Amino acid sequence: MTDEPAVVVGPPAHGAGFVEWVRPYLPAMARLAGRLAVRADRDDIVQDALARAWAKRSQYDASRGAPSAWLLAITADQARKAARRSRPAGEFDEHDRPVSRPDLDARMDVDHALTSLSARQRLAVDCYYFADLSIADTAAVMGCSEGTVKSTLSDARSRLRTLLEVSE
């Protein structure tokens, strides 16, 4: 993220300070939660992630990455848990069925293509393109090297080009 503080300080031990410390990262946390757990409530995921971050605030290590990477790694973990808990696709009622809208066809194609990526590729794409993280912060969220992120993004772009029939 481009709005990282110049001097990274760990999360404050008091509630009000913690709220101010996480506030700049809430939009990215919500975007990532919404991308990773489509059928779950992203606000619930963010709340679970904040509760987990509060409980683990003493474990934050600024030398291992920016606050955004730490918070988004927790958010990604909570989103994966929520996605596992969400109901299977076969359990829809008539109100849950998608409505066909011509203006959304292109987005639906992209969303469908994204779901066909591997979980690792989706996480890389979601962090880098949708949560607007840097390669370094994406690597911290994914728990891998920057080179692995670059390679994973390249593979994901190649797969998406094929799925969406886009020529360079």
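**Close-up 1. His-112 sits in helix 5, which covers residues 105–115.** This is a predicted model, in which local features need pLDDT of at least 70 and side-chain atom pairs count only at pLDDT 80 or more, while totals for chains, interfaces and linings use all residues. Residues are numbered from 1 along each chain as its sequence is written, and side-chain values use heavy atoms, with hydrogens and water left out. Helices here are DSSP runs of H or I with at least four residues, strands are runs of E with at least two, and both are numbered from the N terminus. His-112 has a relative accessibility of 60%, so it counts as exposed. For these labels, buried means under 20% relative accessible area, exposed means over 50%, and partly exposed is in between (1.4 Å probe, protein chains only). A residue from another part of the sequence to look for here is Leu-164: 52 residues separate it from His-112 in sequence, and the two C-alpha atoms are 9.6 Å apart in space.

**Close-up 2. The whole chain, for orientation, has 8 helices and 0 strands.** Follow the sequence along and the pattern reads α-α-α-α-α-α-α-α. The chain has 168 residues, and 33% of them count as buried. Contact means heavy atoms within 4.5 Å. Among contacts with a separation of 6 or more, 66% are between residues 24 or more positions apart.

Close-up 3. An α-helix has 3.6 residues a turn, so residues three or four places apart point the same way.

**Close-up 4. Thr-75 and Asp-77 are both in helix 4.** Helix 4 spans residues 67–85. Thr-75 has 0% relative accessibility, so it counts as buried. Setting aside neighbours within four places in sequence, Thr-75 is in contact with Met-29, Ala-33, Ile-45 and Ala-49. Asp-77, by contrast, is partly exposed, with a relative accessible area of 28%. Asp-77 is 29 residues from Asp-48 in sequence, and their C-alpha atoms are 10.0 Å apart in space.

**Close-up 5. Helix 7 is largely enclosed by the rest of the structure, because 6 of its 8 residues are buried.** Those buried residues are Ile-135, Asp-137, Thr-138, Ala-139, Val-141 and Met-142. Helix 4, helix 6 and helix 8 are included in what covers them. Zoom in on Ala-139, which is buried with a relative accessible area of 5%. Beyond its neighbours within four places in sequence, Ala-139 is in contact with Cys-144, Ser-145, Glu-146 and Val-149. Ala-139 and Ala-124 are 15 residues apart in sequence, with 8.3 Å between their C-alpha atoms.

**Close-up 6. Helix 7 (residues 135–142) crosses helix 8 (residues 146–164) at roughly 95 degrees.** Their axes come within 8 Å. The two helices are therefore roughly perpendicular to each other; that label covers 65 to 115 degrees, with under 35 counting as roughly parallel, over 145 as roughly antiparallel and the rest as oblique. Axes are lines fitted to C-alpha atoms, for helices over the stretch in contact, and angles run from 0 to 180 degrees between N-to-C directions. On the helix 7 side, Ile-135, Ala-136, Thr-138, Ala-139 and Met-142 meet Glu-146, Val-149, Lys-150 and Leu-153 of helix 8.
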